[in-house]
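Have the model open while you read.

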Amino acid sequence: APAKAATGQQRVVEINVKARQWAFTPGVIEVNQGDLVRLKITSEDVTHGFFLDGYEGVRATLKPGEPVVVEFTADKAGRWMFRCAETCGTFHPYMIGWLRVKPNWYAGASWVLTAVIAAGFIGYLAHQAVKS
């Protein structure tokens with residue numbers, strides 16, 4: 001379930017990312033599950049690419065000095081690698097970063113609580129049926 005702000009809207013996380021040979025800055029991005037993530041990525045030197053593993057369609061070509069906005073919902077908890085998707089030089093294979101998506105514990109806890117209440121109610125009904 002998407003994370004909701006007090007207004008009932010999905011939380012938007014905007015982050016400026018710089019790409020340069022052979023690193024992304026920041027190299028680690030941390031968000032909550034359900035957040036709408038908006039990355040404004042700018043290459044500072046040569047043409048780079050951006051590709052986020054585990055999130056189909058989250059990719060972009062980054063031309064020097066031309067900001068590109070990449071937007072997606074962080075709907076999968078875990079740690080996901082993002083990497084350059086354009087050969088940009090000798091150390092291109094090492095141009096990676098990490099997206100950490102923290103689980104939405106409130107959503108998970110609410111499902112557990114609902115299941116416990118339902119099980120208790122069913123047990124109560126079964127007990128009442130046996131008493132009758």
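In what order do the 4 strands of the open sheet come? The order is β2-β1-β4-β7, with mixed pairing. The edges are β2 (23-25) and β7 (68-73), and each of these pairs on one side only. Ignoring direction, neighbouring strands in this sheet are turned by 25° against each other on average; the axes behind that angle are lines fitted to C-alpha atoms, for helices over the stretch in contact, with angles running from 0 to 180 degrees between N-to-C directions. Pairing here takes at least two DSSP bridges between two strands.

A quick note on provenance: this is a predicted model, so local features need pLDDT of at least 70 and side-chain atom pairs count only at pLDDT 80 or more, while totals for chains, interfaces and linings use all residues. Residues are numbered from 1 along each chain as its sequence is written, and side-chain values use heavy atoms, with hydrogens and water left out.

**The whole chain**

Secondary structure comes to 1 helix and 9 strands, in the pattern β-β-β-β-β-β-β-β-β-α along the sequence. These elements are DSSP runs numbered from the N terminus: H or I with at least four residues for helices, E with at least two for strands. Of the 132 residues, 30% are buried (buried is under 20% relative accessible area, exposed is over 50%, partly exposed is in between, using a 1.4 Å probe and protein chains only). Take the contacts (heavy atoms within 4.5 Å) between residues at least 6 apart in sequence: 62% of them join residues at least 24 apart. The accessible surface is about 8,300 Å², and carbon and sulfur atoms own 59% of that. Areas come from the Shrake-Rupley method with a 1.4 Å probe, and for residues only the protein chains shown count as cover.

**Strand β4**

Strand β4 (residues 36-43) pairs with β7 in the antiparallel sense over 6 bridges, and Leu36 stands opposite Thr73 in β7. Thr42 is also found in β4. Is Thr42 buried or exposed? It counts as buried, because its relative accessibility is 12%. Leaving aside residues up to four places away in sequence, Thr42 touches Val17, Lys18, Ala19, Gly65, Glu66 and Pro67.

**Charged pairs**

The chain has 6 salt bridges, each being a side-chain nitrogen of Lys or Arg within 4 Å of a carboxyl oxygen of Asp or Glu.

| Pair | Closest N to O distance |
|---|---|
| Arg38 and Glu14 | 2.5 Å |
| Arg38 and Glu71 | 2.5 Å |

Glu14, Arg38 and Glu71 are linked in a network. Arg38 in β4 and Glu14 in β1 (residues 12-20) are 24 residues apart. Arg38 in β4 and Glu71 in β7 lie 33 residues apart, so that pair ties together separate parts of the sequence. Arg38 is partly exposed at 25%, Glu71 is partly exposed at 43%, and Glu14 is exposed at 56%. As for the remaining tabulated pair, Arg100 sits in strand β9 and Glu30 in strand β3 (residues 28-32), 70 residues apart.

**A nonpolar patch**

Trp22, Phe91 and Tyr94 form a nonpolar surface patch with about 360 Å² of accessible area together. Patch members have over 30% relative accessible area and no salt bridge; like charges are joined within 9 Å, and nonpolar side chains (Val, Leu, Ile, Met, Phe, Trp, Tyr) within 5 Å. Tyr94 sits in the loop between β8 (78-83) and β9 (96-102), and counts as exposed because its relative accessible area is 62%.
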